[in-house]
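Colleague: I have a new model open and would like to learn how to read its packing. Could you take me through it?

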Amino acid sequence: MNWFAKNLRYYMDKKKITGEQLAKKLGVATPTVIHWANGRRFPRDEEMIRKIAEVLGVTEQDLFNPSKKLQILKEALKNPTKETLDLLKSQYPAIAETIEVPILNHEVSAGHGIEPFETEVVDKLIIDKDKLLPQYPPERLEGLQVRGNSMEPYVRDGDFVIIYRYKFDEPIEKIDNIYVINYDNQLMVKQIQFVGGSKIRIVSINPTYPPIELDMENNQVFFAIVGRVVLRILKG
């Protein structure tokens, strides 16, 4: 909890209050305060944040850095719980402008395909709402990790894509774009071109991989568009 820890140490020094003294005033063990000050732990109780601010003679907002929203989220919430995020949102309103996107245990192939299996949320990404268009409701967003190189340089092996997941039988507007698809029971991230009529073209941006032509009215291979890619999270 780097920013909270830095601010806690700063105001403790300014107030000339030791960890032992602060712990006594708060009714907690001295090692607990030391862990807070070292950034190893974070007080998860909203009332405790209020008490800390009161003892130090500062506002609750002073314990956070309002110009470092993403840094707080990335550094402080390595393994965020709902309770911790709710607490930070209540004390730090700017964080309310972020959303949590679940990362599924699926990977999507930028290559020859990965077999889908039972869906499970294994992690989450915390991103700014302003990176997404408002027409994408957060509850319809999911994250998937990319494996393979067929979509380079758009996405590379290890990157993440955030998709707007379509509901079963939801009408899909025929717009050429990047989608996650199920092709022959293989999950892939590909560019889809709607050629005309019932015909589509499945395209890899990497020219090493040839396109796949499909006629949806005379197709012997299962094909479905799972969701539209609305954001890329590059690994670095």
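Colleague: Which residues is F223 in contact with, leaving aside its neighbours within four places in sequence?

Modeller: Contact means heavy atoms within 4.5 Å. In this predicted model, F223 touches I181, N182, Y183, I192, I200, I202, L214 and M216.

Colleague: How many residues does the largest nonpolar core have?

Modeller: In soluble globular proteins, nonpolar side chains tend to be buried together. A nonpolar core is a set of buried Ala, Val, Leu, Ile, Met, Phe, Trp, Tyr and Cys residues joined through side-chain atoms within 4.5 Å, where buried means under 20% relative accessible area with a 1.4 Å probe, protein chains only. Here the largest has 22 residues, and L141, I181, I202 and F223 have the most contacts inside it. Strand β9 (223-233; strands are DSSP E runs of at least two residues) gives the largest share, 4 residues. A second, separate core of 20 residues includes M12, I17, L26 and F64.

Colleague: Which residues of helix α4 are buried?

Modeller: An α-helix has 3.6 residues a turn, so residues three or four places apart point the same way. In α4 (residues 46-56; helices are DSSP H or I runs of at least four), the buried ones are M48, I49, I52, A53 and L56. They line one face of the helix, because they fall within an arc of 135° seen down its axis, taking directions from the axis to the C-beta atoms.

Colleague: What conventions apply?

Modeller: Residues are numbered from 1 along each chain as its sequence is written, and side-chain values use heavy atoms, leaving out hydrogens and water. Local features need pLDDT of at least 70 and side-chain atom pairs count only at 80 or more, while totals for chains, interfaces and linings use all residues.

Key
Buried means under 20% relative accessible area, exposed over 50%, partly exposed in between (1.4 Å probe, protein chains only).
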